[in-house]
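Please look at the two chains shown here before reading on. The report goes from whole chains to single residues.

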Amino acid sequence: MRIELEKRAKVSTLFSILSPFIAFLLTIVFGGIMFALLGKNPVMALYSFFVEPLSEVWSLHELAIKAAPLILIAVGLSVCFRSNNWNIGAEGQFIMGAIAGSILPVVFYDWQSPLVLPLMMLMGMLGGALFAAIPAFLKAHMNTNEILTSLMLVYVAQLFLDWLVRGPWRNPGGMNFPETRTFAVDAILPEMIASGRTHWGFAFAIIAAVLVWFMMRYTLKGFEISVLGQSERAGRFAGFSSRRMIWFSMLLSGAFAGLAGISEVSGAIQQLRPVISPGYGFTAIIVAFLGRLNPLGIVAAGLVLALTYLGGEAAQLSIGVSEKVTRVFQGLLLFFVLSCDTLIHYRIKLIFDRLTATTSEGSR
Amino acid sequence: MKKLLLVLASTTAAIGFATGASAQEKAKICFVYVGAKTDGGWTQAHDIGRQELEKALGDKIETQYLESVPEGPDAERAIERLARSGCGLIFTTSFGFMDATIKIAQKFPDVKFEHATGYKTAPNVATYNSRFYEGRYIQGQIAAKMSQKGVAGYIASFPIPEVVMGINSFVIGARSVNPDFKIKVVWANTWFDPGKEADAAKALVDQGVDILTQHTDTTAPMQVAAERGIKAFGQASDMIKAGPETQLTAIVDTWGAYYIKRTQAFLDGKWETTSSWDGLKDGILTMAPYTNMPDDVKKLAEETEAKIKSGELKPFTGPLKKQDGSEWLAAGASSDDGTLLGMNFYVEGVDDQLPK
């Protein structure tokens, strides 16, 4: 006997809508059982995971801060993935964007002007896009596999940043510790509202999501992206160039990742350090698929994923579970969401193979 | 569906019991860890300190902690969460938490903070550190006695002063026994990565070192040393379990005494900003039992330890030259703490280029 996934002829609209809710219910049930087995009160645990982080203003701000880079990167990636270009190197583009954007506040720290911040953002986007141009060029003109090249460039970016903050960009007043000088006020992305730390990076993420949603839905470019993604051949007949699409999608997602990088550095960290991202570029891939590659879905997915991070911390404190348990719980949620989504498109089929059945019986 | 109802029903029953007694008067003392509390090294040492604190003052305080908190914006959030949840005194136990600690401390002037191994203080932020290098001097002497080849391997984390200081102290100690002693340094560029640390250890053994020491947090190098049949030193926690036949000694961070002292001051209302930098004599640093070595080496190590404790021996005492041969300390002169805390140069005898 073996199990196969068979594509469904028709996708149920009802269950497409219900699937996230079913997944959520399953997570609650199994998560509850897990907490109960650990001897923790499941209601308290679930409360601290999903409600506590939303119950205070400061915590909502933290949610926005955590979600912003995830959403911004994932929105760019959705364009890539939709057009069948697999940019796995957003983490590297995030870092290169942060580095390019930091040139002004770190190297030209004396120059203070209201122009600094917009220029930083532009240079951040440029840095990310240029770094994404490498795998784009290699794929468009050398036919290399962009999954490998973009992924490997992540390590290049990480080590480049590491070298910069330990070497040429090290803060002269920083006791030899590996970090750049802290940004001047002019170079810090301001807070959006007075009640907390949320900076404009969150606004960038939302604006980007709406713009890309509009593009995908109402413009010819959006149509081109989907057609080329589904069938390159069909796209060629329509006069679309898949080579140009490689460039377009890679540069766009690189620019978004770069903007996320410089926003995070300028808004949240305010200096460069050897490590500036806890893997946002990789987590964003999960966010993109959780949001079904739909920009508005990605906003929701980014917020939910950020919530599980914050909830994990809240749960550590309020019910005293270890950080590992909170990771398992996060895994449960992702597992159920993705498997429910899979089951919308596929059905599970058990195949009983007579021949092997008889031989295995004979051998017994 | 029935199952779900059952779970919900049983849990609502449970919640009734949970919200019973809560001790209001107990002060909350909180900790932020950079690693898992069971990492076998740095974070575990802090967590043992926390447990000792609970044992000593458990009737007046309760403790809470967040573990595996990444440095950066996440740290800021974690510290703020603790400050908001009613913690009176918060220990942030990694160098990378420094700026986050300072930022949150400005927001919560009534909460006291203690940051480990940093250099920034504020009216409500104290710093504390340990003179790890005192232990490294002893290790250096042992290494020079035990090594057949006169070369030790050193797995370093990041080229920050604390680590450079340790390398120098190890070399000065070793050269006090064997003036030709050499070390090979590998920069792992991580505090906590069993894979990378093991790779570094293997590379060093392949290059012919017969003693390993580490300034990273996992027991992986100790295990490699055990497999390859050479000797090694533990770091931060006693790692004898990872190498019963291998560990010579370990620098064991014993933060408990400091945590108890500072918490007591906090409870008495006598907490003040300080920059504390204690060592072997204050008990913040202890040496794991000297094992797997002949008696004469053990005796030397014990004597050196006693001399450091009494203040008779200071590892950074001249005559010492820098790596490039220039004069650093004249005979009999000892380095001041400021130079040590900003140390960015090697002493003579280190066979490595400091990453620039």
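This is a predicted model: local features need pLDDT of at least 70, side-chain atom pairs count only at pLDDT 80 or more; totals for chains, interfaces and linings use all residues.

Residues are numbered from 1 along each chain as its sequence is written, while chains are lettered from A and ligands numbered from 1 in the order in which they are written.

**The two chains**

Chain A has 15 helices and two strands. Helices (H or I, at least four residues) and strands (E, at least two) are DSSP runs, numbered from the N terminus. The radius of gyration of chain A is 23 Å, close to the 21 Å from the globule rule for 364 residues, so chain A is as compact as a globular protein of that length. The radius of gyration is taken over C-alpha atoms, and the globule rule is 2.2 Å times the number of residues to the power 0.38.

Chain B contains eleven helices and 14 strands. For its 356 residues the globule rule gives 21 Å, and the radius of gyration of chain B, 22 Å, is close to that, so chain B is also as compact as a globular protein of that length.

The table lists further values for the chains. A residue is buried if 20 or more other C-beta atoms lie within 10 Å of its own, exposed if 12 or fewer, and partly exposed in between, with C-beta atoms placed from the backbone.

| Chain | Extent of the C-alpha atoms along the principal axes | Buried residues |
|---|---|---|
| Chain A | roughly 80 × 60 × 45 Å | 49% of 364 residues |
| Chain B | about 70 × 50 × 40 Å | 50% of 356 residues |

Two residues are in contact if their C-beta atoms, placed from the backbone, lie within 7 Å. Among contacts in chain A with a separation of 6 or more, 78% are between residues 24 or more positions apart. In chain B, 64% of the contacts between residues at least 6 apart in sequence join residues at least 24 apart.

**Between the chains**

How many residues of chain A are in contact with chain B? There are 28 residues of chain A in contact with 35 residues of chain B. On chain A, the helices α1 (13-37), α2 (42-50), α3 (57-82), α7 (146-166), α11 (242-269) and α13 (295-318) each supply at least two residues of the side that touches chain B. That side of chain A has 16 nonpolar, six polar and six charged residues. Here Ala, Val, Leu, Ile, Met, Phe, Trp, Tyr, Cys and Pro count as nonpolar, Asp, Glu, Lys and Arg as charged, and the others, Gly among them, as polar.

**Domains of chain B**

The domain assignment of chain B gives domain 1 (26-130) and domain 2 (132-252 + 284-341); such bounds come from an automatic or database domain assignment. The C-alpha centres of these two domains of chain B are 28 Å apart. Ten residues from domain 1 of chain B and 15 residues from domain 2 of chain B take part in the contact. On the domain 1 side, the largest share, three residues, comes from helix α2 (residues 42-57) of chain B. The domain 1 side of this contact in chain B divides into three nonpolar, six polar and one charged residue.

**A helix pair in chain A**

Two packed helices are described by the angle between their axes and the distance between the axes. Helix α6 (residues 116-142) of chain A packs with α11(A) at an angle of about 145 degrees, and their axes are 6 Å apart. Axes are lines fitted to C-alpha atoms, for helices over the stretch in contact, and angles run from 0 to 180 degrees between N-to-C directions. The contact of α6(A) with α11(A) has 18 nonpolar, eight polar and two charged residues.

A:N84 lies in the loop between α3 and α4 (90-101) of chain A. A:N84 is not a glycine, but has a positive phi of about 65 degrees. With 18 C-beta neighbours inside 10 Å, A:N84 counts as partly exposed.

B:T117, in the loop between β4 (112-116) and β5 (125-130) of chain B, also has a positive phi, near 70 degrees, and is a residue other than glycine. Is B:T117 buried or exposed? B:T117 counts as buried, because 21 C-beta neighbours lie inside 10 Å.

A cis peptide bond, with omega about 5 degrees, joins B:G318 and B:P319. B:P319 is in the loop between α10 and β13 (320-321) of chain B.
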